[in-house]
Each structure stands twice: as structure tokens, then as C-alpha cells.
Amino acid sequence: VRRADVRLQVRRPDGGRRGHGGAGIPFTLEPSVVFLSSLMTVFAAVIAVTKDLPDVAGDRKYGVPTFASKYGVQTVAAGATAVLVFPSRSSRRSCSSPAS
């Protein structure tokens, strides 16, 4: 068997400067993008964990390790609810404008 050693050299369009896009425009990460990305990541994680809740009997029968089969349906459901409800309460408080 022959082995090929491939080396790729990537040149950045901005000349290697960090914090700049390909057109030389400074790159800034907007707070709204960070918020939406975080929200979608948490929401996707909750969906991934809770989608197994109806299948706990089969998971236990066939030895499939899931959060629901390990910790129980009630515990996982309560945890998922807490993750979705409590951060939204704190963000409402922090996003409100201060009283004048």
C-alpha cells in the first residue's frame, strides 16, 4: 500500500490579519448573534435529550443508555423544563431598561 503525504497551504484573503474578513472589513460578533446562537444551542440540546422520553421502556429493555433510562422520565423532564424556563426569566430581568 502506498501512502501519499498531502500538505495543504491555505492563504487567507486578508493577508493573515486576525479580526478581519476576506474583504478587509473588521469582523465583529454582534450580541444578538451570540444570544440567538446560544438560545438555539440550548433548545437543540433540550430537544435531543427529551426526544427519548417516550421510548424509555424500549431503551431499558435493549440496554440503550439515555438520560431518561438512567435518571428517569420525571427527572429529565423537570431538568429540561428548568433549562428552558429559568434562563428566560433571568434574561427578561436583565434586558429590561432601568427605571428613570
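**Working through the chain**

Me: Let's start with G58. How exposed is G58?
Reply: G58 is partly exposed, at a relative accessible area of 31%. The scale is this: under 20% relative accessible area is buried, over 50% is exposed, and partly exposed is in between, with a 1.4 Å probe and protein chains only.

Me: What should I know about the model before reading on?
Reply: It is a predicted model, in which local features need pLDDT of at least 70 and side-chain atom pairs count only at pLDDT 80 or more, while totals for chains, interfaces and linings use all residues. Residues are numbered from 1 along each chain as its sequence is written, and side-chain values use heavy atoms, with hydrogens and water left out.

Me: Which helix is G58 in?
Reply: Helix α2. Helices here are DSSP runs of H or I with at least four residues, strands are runs of E with at least two, and both are numbered from the N terminus.

Me: Step back to the whole chain. How many helices and strands?
Reply: The protein chain has 4 helices and 0 strands. Read from the N terminus, the order is α-α-α-α.

Me: What share of the chain is buried?
Reply: 12% of its 100 residues count as buried. The accessible surface is about 8,800 Å², and 61% of that belongs to carbon and sulfur atoms. Those areas come from the Shrake-Rupley method with a 1.4 Å probe, and for residues only the protein chains shown count as cover.

Me: What does D59 touch, then?
Reply: D52, V64, T66 and S69, leaving out residues up to four places away in sequence. D59 is in helix α2, residues 56–62.

Me: Where is T66?
Reply: T66 sits in the loop between α2 and α3. T66 is buried, with a relative accessible area of 11%. With the four-place limit again, T66 touches D52 and D59.

Me: D52 keeps coming up. Which residue does D52 pair with in a salt bridge?
Reply: K51, with 3.1 Å from N to O. The structure holds 1 salt bridge. D52 counts as buried at 16% relative accessibility, whereas K51 counts as exposed at 54%.

Me: New topic. How many aromatic pairs?
Reply: The count is 1. The pair is F67 and Y71, and it is stacked, at 6.1 Å centre to centre and 20° between the planes. Rings of Phe, Tyr and Trp (its six-membered ring) pair if their centres lie within 6.5 Å; planes under 30 degrees apart are stacked, over 60 edge-to-face, and the rest tilted.

Me: How are F67 and Y71 placed along helix α3?
Reply: They are 4 residues apart in helix α3 (residues 67–71), so about one helical turn separates them. F67 is partly exposed at 49%, and Y71 is partly exposed at 45%.

Me: Which residues does V76 touch?
Reply: V49, L53, F67, A68 and Y71, not counting residues up to four places away in sequence. V76 lies in helix α4 and is buried, at 8% relative accessible area. The C-alpha atoms of V76 and V49 are 7.8 Å apart, although the two are 27 residues apart along the chain.

Me: Last one, the surface. Which residues form the nonpolar patch?
Reply: V42, F43, I47, V83, L84, V85 and F86, with about 570 Å² of accessible area together. Helices α1 (31–50) and α4 (73–95) each supply at least two of the patch residues, and α4 gives the most, with 4. V83, in helix α4, is partly exposed at 38%.

Conventions. Contact = heavy atoms within 4.5 Å. Patch = residues over 30% accessible without salt bridge, like charges linked within 9 Å, V, L, I, M, F, W, Y side chains within 5 Å. Salt bridge = Lys/Arg side-chain N within 4 Å of Asp/Glu carboxyl O.
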